[in-house]
Amino acid sequence: VWRDGMRTVDKDVQAVTRSIVGHVQTSLARQAYNLDNLGAYQAAALSARDDLLVNWNTTQLTFTRKQPKRAYYLSLEFLMGRTLDNALLNLGLKDKFTDGVQKLGFNMEDVIEQERDAALGNGGLGRLAACYLDSSASQELPVWGYGLRYKYGIFQQLISPQGEQLEAPDPWLDNQNPWELPRLDVTYDIRFYGRADRLDDGTGRAVWHGGQEVLAVAYDVMIPGYDTASTNNLRLWESKPQRGFDLNSFNAGNYEGAVEASNSASAITSVLYPNDHTTCAPNRSIPIHFGKELRLKQQYFWTAASLADIMRRFKNAGKNIREFPDFVAIQLNDTHPTLAIPELMRILIDDEDLTWDQAWTIVTNTFFYTNHTVLPEALEKWPVPLIENVLPRHMQIIYDISMNGQVLLASNHVSDIQLTAFVEGQPKQVRMAHLACIGSRKVNGVAELHSELVQTTILKDFVEFEGVSKFGNVTNGITPRRWLDQCNPELSALITKTLKIEKSVWLKDLTKLEGLLPFAEDKAFRAQWSAIKQRNKERLAHHVQTTLGLIIRTDAMFDVQIKRIHEYKRQTLNILGVIHRYFALKKMTPEEKKKVNRRVVFFAGKAAPAYYIAKLTIRLIVNVARVINADPDTKEYLQLYFLPDYSVSLAEVLIPASDISQHISTAGTEASGTSNMKFCLNGGLLLGTVDGANIEIAEEVGENNVFFFGHLTPAVEDLRYQHLYHPVPIEEKCPPLAFVLNQISAGVFGGDGVYEPLLNTIRQSDYYLITDDFDSYIATLEMVDEAYLDKEEWIKKSIRTTAKMGKFSSDRAINEYAESYWNIEPVSIPTGG
Ligand code: 26Q
């Protein structure tokens with residue numbers, strides 16, 4: 001018998017039940033005998049929260065006493081998912097609680113399912129932030145997260161009978177949230193608009209006054225480390241009016257005006273922006289500035305409150321302001337928090353009386369910037385007039401930073417200083433990536449290839465100017481606690497048994513998985529391995545049946561693509577491949593069909609509400625599914641599902657069930673990808689392009705264990721040039737693809753011509769190279785089929801893949817940030833409160 005991890009809280013089952021029942025009576029004001037699952041969840045959560053609080057307090061007290069250098073992770077998104085299961089696992093109390101709720105007549109899995117996801121993020125960037133918090137606490141690193149407490153997280157996705165995506169609000173706080181602690185005493189006044197008057201004392205200082213003031217209120221979320229008492233904090237800001245409403249307007253009879261200011265204050269943190277990779281509506285049918293002011297206000301509100309909080313903590317420690325970078329490192333998660341750079345300049349110059357140079361030295365030793373994309377349309381740019389209006393003082397500072405940069409550049413004999421200017425264009429816009437770069441100590445990308453592209457494309461001129469040593473790479477990682485132990489408990493147990501080490505050892509040093517390699521040769525082990533995959537498929541099928549009422553066959557290969565819907569991720573390539581397979585099946589004789597590998601293809605993912613082409617892609621998938629799944633000629637061999645409302649919790653069911661997953665972005669477009677790591681960790685094989693972290697996964701697991709296809713990054717630009725200046729009709733270039741497109745146009749999947757704009761993106765510029773990669777994609781899918789038919793060989797690949805995923809633990813990634821960038825060290829926390 002191995003321990004389920006060191007218990008950081010000492011408790012027996014009786015104490016657990018007592019505590020749960022206590023919460024039923026006193027916190028929920030209910031009786032234990034007529035409790036439902038939701039009540040049981042709430043009481044269990046409150047009970048677990050008591051335990052978290054003890055560790056959280058000890059941790060924060062230890063930090064205050066020891067005053068270590070701390071790191072702050074500024075992210076507009078934290079895609080946390082559910083908390084209860086994770087909290088119990090990290091506390092080492094899962095077994096006790098499972099027994100405890102059972103004694104009260106409940107099933108732990110049902111109880112866990114009652115919790116709503118905290119979905120304060122769009123996708124990869126937000127989930128990465130969540131994994132990094134888990135790893136920071138687990139590595140006992142003094143790291144806090146700062147974000148916004150959106151009232152509504154990412155929208156809920158519904159699919160209409162026509163297959164269209166519909167968006168509904170996500171009122172995740174409706175059932176109240178046991179995981180947050182309101183800190184109504186921790187507040188800051190945040191100013192917008194008004195005027196900035198420079199003092200004419202030659203210091204460059206200014207006074208910013210007037211305008212609107214909004215209150216930032218702190219809510220703290222406890223982040224428990226795994227197998228340690230170390231419990232970090234995620235501080236989320238809520239916006240509130242400074243006073244309930246404007247009494248002057250009210251008394252003057254202007255009731256609407258009286259509540260208007262109050263509404264506009266609350267609006268700042270009311271909803272997460274559902275766009276990823278597009279800073280404006282992609283089809284440009286919506287004016288570029290539409291809705292942008294609120295986003296800018298979100299960004300400033302959050303960075304200003306976070307910096308004020310960091311500054312207050314720093315000052316309470318009684319240090320000299322010049323020591324700021326010795327005690328504070330701030331990581332900018334993409335350019336969204338870039339306003340923190342001019343904001344810290346403002347604080348240091350206007351409030352702390354430092355000179356420009358003193359302030360700039362502090363700033364450029366405090367910030368670190370991670371880039372998450374090189375797609376041009378995703379790079380943030382803010383119109384100068386908008387910043388001037390909302391943040392007049394910051395616009396002055398940005399101009400000053402720009403001017404100083406230009407002077408420096410000129411003295412460094414940089415060839416074309418225009419390129420590095422970050423206030424450019426007509427109308428003038430501020431390029432946030434340039435500002436983030438120049439104001440940071442280090443800049444990194446999120447996978448080797450991507451970091452290379454950052455240095456050779458978007459920030460090329462800064463490499464020339466500031467030297468290559470400013471630039472680096474930290475390949476993303478994922479937490480093996482959630483993405484293996486929690487989502488795939490059977491596989492986790494088999495691994496522990498096989499490695500003959502405690503679970504807490506390999507979950508904290510994931511390279512230990514290599515010990516599984518010899519067992520790939522062990523037939524009995526392979527049988528257990530594949531039986532677990534089979535049960536995970538049945539678990540998924542059961543989930544789909546209970547939530548959607550669909551019956552899915554489980555005696556087939558499960559082929560999964562789950563991620564935000566975007567042209568660069570090429571869900572279109574996948575669906576066109578499915579249609580190609582469908583017609584191939586229809587042509588087969590019964591004899592031929594017998595040799596076919598059965599496939600169930602799953603898609604899930606949300607489209608940005610204004611992203612017309614992405615929404616059409618969903619519609620096409622849903623309608624193709626309708627035809628294929630009903631066709632008696634093919635339905636035994638090919639099934640297709642679009643699962644609505646993709647979420648962290650849905651991913652936790654889908655990923656362990658996958659035989660193969662698709663990560664098929666046009667080469668050079670996917671910065672890293674992180675679900676690729678999750679699938680491989682769970683023994684799913686990877687079908688992908690030579691892009692992002694796929695490349696490093698292949699390096700680890702061996703090229704013979706992944707399925708690569710498609711053109712490579714250096715070819716992409718040339719191919720696009722060819723499309724533009726030497727177009728070849730698809731009929732000539734790729735007849736099988738032309739056939740598929742024509743079938744869609746002919747209405748085989750209904751739609752009455754609605755898909756034409758989507759098909760035209762391929763027929764016309766084909767920016768994402770569907771026509772160039774289709775043949776090799778189809779050929780590779782066939783290789784996958786063939787490989788799957790050799791069951792034993794496939795399981796070996798699966799085992800070897802899991803065994804070699806150690807590098808992709810977010811523990812490794814967070815340690816790289818801590819050591820090479822932030823210069824922070826672990827602080828051990830005494831157990832037992
Ligand atoms: C920006 C301005 C205005 C409105 C929205 C945005 C915005 C919001 C979210 C822009 C981008 C995002 C999200 C980007 C994202 O998730 N990127 C992904 O980050 C992952 C973690 O590094 C990578 O693995 C993925 O490759 C990358 O696409």
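Helices (H or I, at least four residues) and strands (E, at least two) are DSSP runs here, numbered from the N terminus. By that count, Lys678 sits in helix H27 (residues 675–681). The structure is a predicted model, in which local features need pLDDT of at least 70 and side-chain atom pairs count only at pLDDT 80 or more, while totals for chains, interfaces and linings use all residues. Residues are numbered from 1 along each chain as its sequence is written.

The pLDDT, the predictor's confidence in each residue from 0 to 100, averages 94 over the protein, with 96% of residues reaching 70 or more. For the complex, the predictor gives an ipTM of 0.99 and a pTM of 0.97.

The domain assignment, with bounds from an automatic or database source, gives domain 1 (7–66 + 84–116), domain 2 (68–82 + 118–474) and domain 3 (513–815). The C-alpha centres of domain 1 and domain 3 are 39 Å apart.

Back to Lys678: the UniProt record, an unreviewed entry, annotates it as "modified residue: N6-(pyridoxal phosphate)lysine". UniProt positions are given in the numbering used here, feature names are shortened, and annotations may be inferred rather than shown by experiment. A residue is buried if 20 or more other C-beta atoms lie within 10 Å of its own, exposed if 12 or fewer, and partly exposed in between, with C-beta atoms placed from the backbone. Lys678 counts as buried because it has 30 C-beta neighbours inside 10 Å. Leaving out residues up to four places away in sequence, Lys678 touches Ile478, Trp483 and Ile655.

Next comes the nonpolar core, meaning a set of buried Ala, Val, Leu, Ile, Met, Phe, Trp, Tyr and Cys residues joined through C-beta atoms within 7 Å. The largest one has 223 residues, and Ala44, Phe301, Val624 and Leu654 touch the most other members. Helix H25 (residues 612–630) supplies the largest share of this core, nine residues. Leu654 touches Leu540, Val560, Ile562, Phe602 and Ala604, again not counting residues up to four places away in sequence.

In helix H35 (residues 810–822), the buried residues are Ser810, Asp811, Ala813, Ile814, Tyr817, Ala818 and Trp822. They are on the same side of H35 because they cover an arc of only 165 degrees around the axis, the arc being that of the directions from the helix axis to the C-beta atoms. Their cover includes strand S1 (70–74), helix H6 (124–138) and S12. Just after H35, Asn823 takes a positive phi of about 60 degrees. In helix H12 (residues 356–366), Ala359, Trp360, Ile362, Val363 and Thr366 are buried.

Gln176 has a positive phi near 50 degrees and is exposed, with 7 other C-beta atoms within 10 Å. Leu769 has a positive phi near 65 degrees, but is buried, with 22 other C-beta atoms within 10 Å.

Key: Contact = placed C-beta atoms within 7 Å.
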